[in-house]
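Subject: Structure handover

Hello,

Here is the structure I promised to pass on. Please open it first, then read my notes below.

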Amino acid sequence: MDGGGDGEQYNSRTVEDVFTDFKSRRVALIKALTTDVEEFYQQCDPEKENLCLYGLPNEQWEVNLPAEEVPPELPEPALGINFARDGMQEKDWLSLVAVHSDSWLLSVAFYFGARFGFDKASRKRLFNMINELPTIYEVVTGAVKKQKKEKSSGHSGKKSKSNSKAQRAPDYQEKLAKLQPKDEEEGLDEQQDEDEHGETLCGACGEYYAADEFWICCDICEKWFHGKCVKITPAKAEHIKQYKCPSCSHKRARVDI
């Protein structure tokens with residue numbers, strides 16, 4: 001695909017294939033707007049020509065010129081995102097790019113659906129699979145986190161996240177097996193924490209919490225991240241007094257400048 005950068009021939013024929021393509025492009029775009037935000041910001045120079053943000057099937061992103069051919073092989077992302085970069089607050093600009101990225105992902109997925117002749121049932125199944133994932137806008141703005149908080153505010157008096165900023169999900173089945181009768185109430189609270197963690201999304205890739213993965217929480221924005229997504233190991237986390245995610249670090253650096 002010229003301008004989109006991957007130049008691949010797509011042979012997907014099933015709903016699952018198109019959904020896999022959708023997820024890979026989505027991961028790439030979320031990386032650009034969260035963990036790689038500083039690099040993305042620098043590439044969107046308003047002095048350059050009209051630029052687009054592309055999410056590629058290999059989970060990589062790129063800022064590039066639009067396709068030259070008309071019509072293009074695939075639907076094109078929003079044009080000229082770089083021109084608005086310095087004309088609005090950074091968080092508002094990123095949110096705007098996120099919204100356009102969500103629209104582009106849907107257009108690409110249903111372009112494939114039409115190209116491969118999906119019937120009504122297949123199109124509906126594809127949409128339902130896509131709709132199970134939070135939008136890029138929800139991940140970038142933390143809207144999903146706010147929704148979960150509102151949903152569970154009256155459910156538990158405890159915070160939905162552990163007080164420690166770095167956490168490897170504990171084996172609650174083993175813990176509960178060791179609990180004495182007098183600790184049953186405390187065990188219930190811990191189980192509720194685990195249930196709420198299960199609805200937590202990584203601020204970098206947008207995927208859900210998994211009990212066997214290491215997570216770390218940003219002390220500034222309070223978003224949670226897979227350690228692997230932000231390149232933090234449990235050993236590194238032990239020596240971090242205050243963890244700032246890539247996005248918050250980038251904002252602080254711009255304020256200092």
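The model is predicted, so local features need pLDDT of at least 70 and side-chain atom pairs count only at pLDDT 80 or more, while totals for chains, interfaces and linings use all residues. Residues are numbered from 1 along each chain as its sequence is written, and side-chain values use heavy atoms, with hydrogens and water left out.

**Helix pair**

Helices (H or I, at least four residues) and strands (E, at least two) are DSSP runs, numbered from the N terminus. Helix α3 spans residues 90–115 and helix α4 residues 120–131. They pack at an angle of about 150 degrees, with axes 11 Å apart. That makes α3 roughly antiparallel to α4 (the term applies to angles over 145 degrees). Axes are lines fitted to C-alpha atoms, for helices over the stretch in contact, and angles run from 0 to 180 degrees between N-to-C directions.

From α3, Leu106, Ala109 and Phe110 make the contact. From α4 come Arg123, Leu126, Phe127 and Ile130. Contact means heavy atoms within 4.5 Å.

**Aromatic rings**

Rings of Phe, Tyr and Trp (its six-membered ring) pair if their centres lie within 6.5 Å; planes under 30 degrees apart count as stacked, over 60 as edge-to-face and the rest as tilted. By this rule there are eight aromatic pairs.

Tyr54 and Trp104 are edge-to-face: 6.2 Å centre to centre, 90 degrees between the planes. This pair links distant parts of the chain. Tyr54 sits in strand β1 (residues 52–55) and Trp104 in helix α3, 50 residues apart. Both Tyr54 and Trp104 are buried. Buried means under 20% relative accessible area, exposed over 50%, partly exposed in between (1.4 Å probe, protein chains only).

Phe112 and Phe116 are stacked: 5.6 Å centre to centre, 5 degrees between the planes. Phe112 is buried at 2% relative accessibility. Phe116 is buried too, at 14%.

One aromatic cluster is formed by Phe40, Tyr41, Trp61 and Trp93.

**Two loop residues**

Thr35 is in the loop between α1 (15–33) and α2 (37–43). Its relative accessibility is 17%, so Thr35 counts as buried. Not counting residues up to four places away in sequence, Thr35 touches Ile30, Ala204, Cys229, Val230 and Pro246.

Lys244 lies in the loop between α9 (234–237) and α10 (246–256). At 29% relative accessibility, Lys244 is partly exposed. Lys244 and Cys217 are 27 residues apart in sequence and 8.3 Å apart in space, C-alpha to C-alpha.

Best wishes

Terms used. Angles under 35 degrees count as roughly parallel, over 145 as roughly antiparallel, 65 to 115 as roughly perpendicular and the rest as oblique.
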